[in-house]
Amino acid sequence: MVIKTVELETVVGVTTKKLPDNKLPEIAFAGRSNVGKSSLINGLLNRRKMARVSSTPGKTQTMNFYNVNNEVYFVDLPGYGYASVKKDFRAAWGPMIENFLSNSSQLKAVFLLLDLRRTPNEDDKMMYNWIVQAGYHPIIIATKSDKIKKSEFTKALNNIHDTLGMEISKTVLPYSALKKTGREEILDKIDEILYNI
Ligand SMILES: Nc1nc2c(ncn2[C@@H]2O[C@H](COP(=O)(O)OP(=O)(O)OP(=O)(O)O)[C@@H](O)[C@H]2O)c(=O)[nH]1
Ligand SMILES: [Mg+2]
């Protein structure tokens with residue numbers, strides 16, 4: 001997939017709630033606050049500041065629909081698990097995300113971002129299960145791969161597999177927003193999802 005045009009087209013918040021009635025396919029990105037969802041989206045889109053990135057967790061508090069090439073939407077979901085938003089998340093954003101996952105007719109795939117260095121926690125398992133319950137196979141992206149040595153990758157990737165109880169055949173794609181490594185593999189995966197290639 002070659003990125004030609006990008007536009008933030010729709011923003012859905014807890015007050016606006018109503019999901020867009022999109023005609024193009026949607027690809028969603030979920031994950032804990034601060035895991036690097038917005039950085040990944042910027043990296044995939046080759047735009048430095050399209051999605052807001054912040055070292056303070058809880059930056060993205062809305063569902064942001066980026067129209068890419070008039071071909072597909074990339075959907076940046078609000079991050080979960082950050083202490084001060086935990087209660088709000090469960091009360092408001094949780095149902096909003098569950099509603100989107102369960103009811104969007106255009107949603108083709110959900111990427112779940114996990115920090116490569118960390119063992120997935122209860123919140124990650126909850127999101128993994130929401131995705132599965134909505135009828136999707138979560139595609140795992142292990143972020144911040146620049147923070148550990150290449151020789152530690154296999155162990156870290158297996159740890160993610162084991163903690164989530166994933167079938168061993170399901171892949172985990174490592175990504176670094178810093179080095180842009182893993183970008184082509186993720187874009188190829190998106191082509192595969194959209195065009196069966
Ligand atoms: N070293 C390194 N830092 C990263 C990487 N990806 C993201 N970061 C940093 O992690 C912090 C959080 O990144 P964001 O992209 O804002 O994370 P997010 O998942 O969108 O967070 P919320 O919007 O709060 O849900 C920022 O300081 C980023 O610069 C990466 O691959 N490597
Ligand atoms: Mg964000």
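A contact is defined here as heavy atoms within 4.5 Å. Among contacts in the chain between residues at least 6 apart in sequence, 73% join residues at least 24 apart. The structure is a predicted model, in which local features need pLDDT of at least 70, side-chain atom pairs count only at pLDDT 80 or more, and totals for chains, interfaces and linings use all residues. Residues are numbered from 1 along each chain as its sequence is written, chains are lettered from A and ligands numbered from 1 in the order in which they are written, and side-chain values use heavy atoms, with hydrogens and water left out.

The chain contains 5 helices and 7 strands; helices (H or I, at least four residues) and strands (E, at least two) are DSSP runs, numbered from the N terminus. Read from the N terminus, the order of elements is β-β-α-β-β-α-β-α-β-α-β-α. The C-alpha trace spans about 45 × 40 × 30 Å along its principal axes. The radius of gyration is taken over C-alpha atoms, and the globule rule is 2.2 Å times the number of residues to the power 0.38. For 197 residues a compact globule would have a value near 16 Å, and the chain, with 16 Å, agrees.

Accessible areas were computed by the Shrake-Rupley method with a 1.4 Å probe; for residues, only the protein chains shown count as cover. The accessible surface of the chain comes to about 9900 Å², of which 49% belongs to carbon and sulfur atoms. A residue is called buried under 20% relative accessible area, exposed over 50%, and partly exposed in between (1.4 Å probe, protein chains only). By this criterion, 51% of the 197 residues are buried.

The structure holds 4 aromatic pairs. Rings of Phe, Tyr and Trp (its six-membered ring) pair if their centres lie within 6.5 Å; planes under 30 degrees apart count as stacked, over 60 as edge-to-face and the rest as tilted. F29 and F111 form a stacked pair, with 5.3 Å centre to centre and 10 degrees between the planes. Because F29 belongs to strand β2 (residues 26-31) and F111 to strand β5 (residues 107-115), this pair ties together parts that are 82 residues apart in sequence. F29 is buried at 0% relative accessible area, and F111 is likewise buried at 0%. The rings of F65 and Y73 have centres 6.3 Å apart and planes at 80 degrees, so this pair is edge-to-face. F65 is buried at 0% and Y73 at 5%.

Not counting residues up to four places away in sequence, I27 touches V72, Y73, F74, V75, L107, K108, A109, F111, I190, I193 and L194. I27 and E98 are 71 residues apart in sequence and 15 Å apart in space, C-alpha to C-alpha.

Helix α3 (residues 122-133) has 12 residues and reaches 16 Å from its first C-alpha to its last. This is close to the expected 16 Å, where the expected span is 1.5 Å times one less than the number of residues. Within α3, the buried residues include D123, D124, M126, M127, Y128, W130 and I131. At the start of α3, a side-chain oxygen of N121 lies within 3.0 Å of the backbone nitrogen of D123. After α3 comes G135, with a positive phi near 100 degrees.

Conventions: A polar contact is a pair of N or O atoms within 3.5 Å; within protein, one must be able to donate a hydrogen and the other to accept it, and residues adjacent in sequence count only if both atoms are side-chain atoms.
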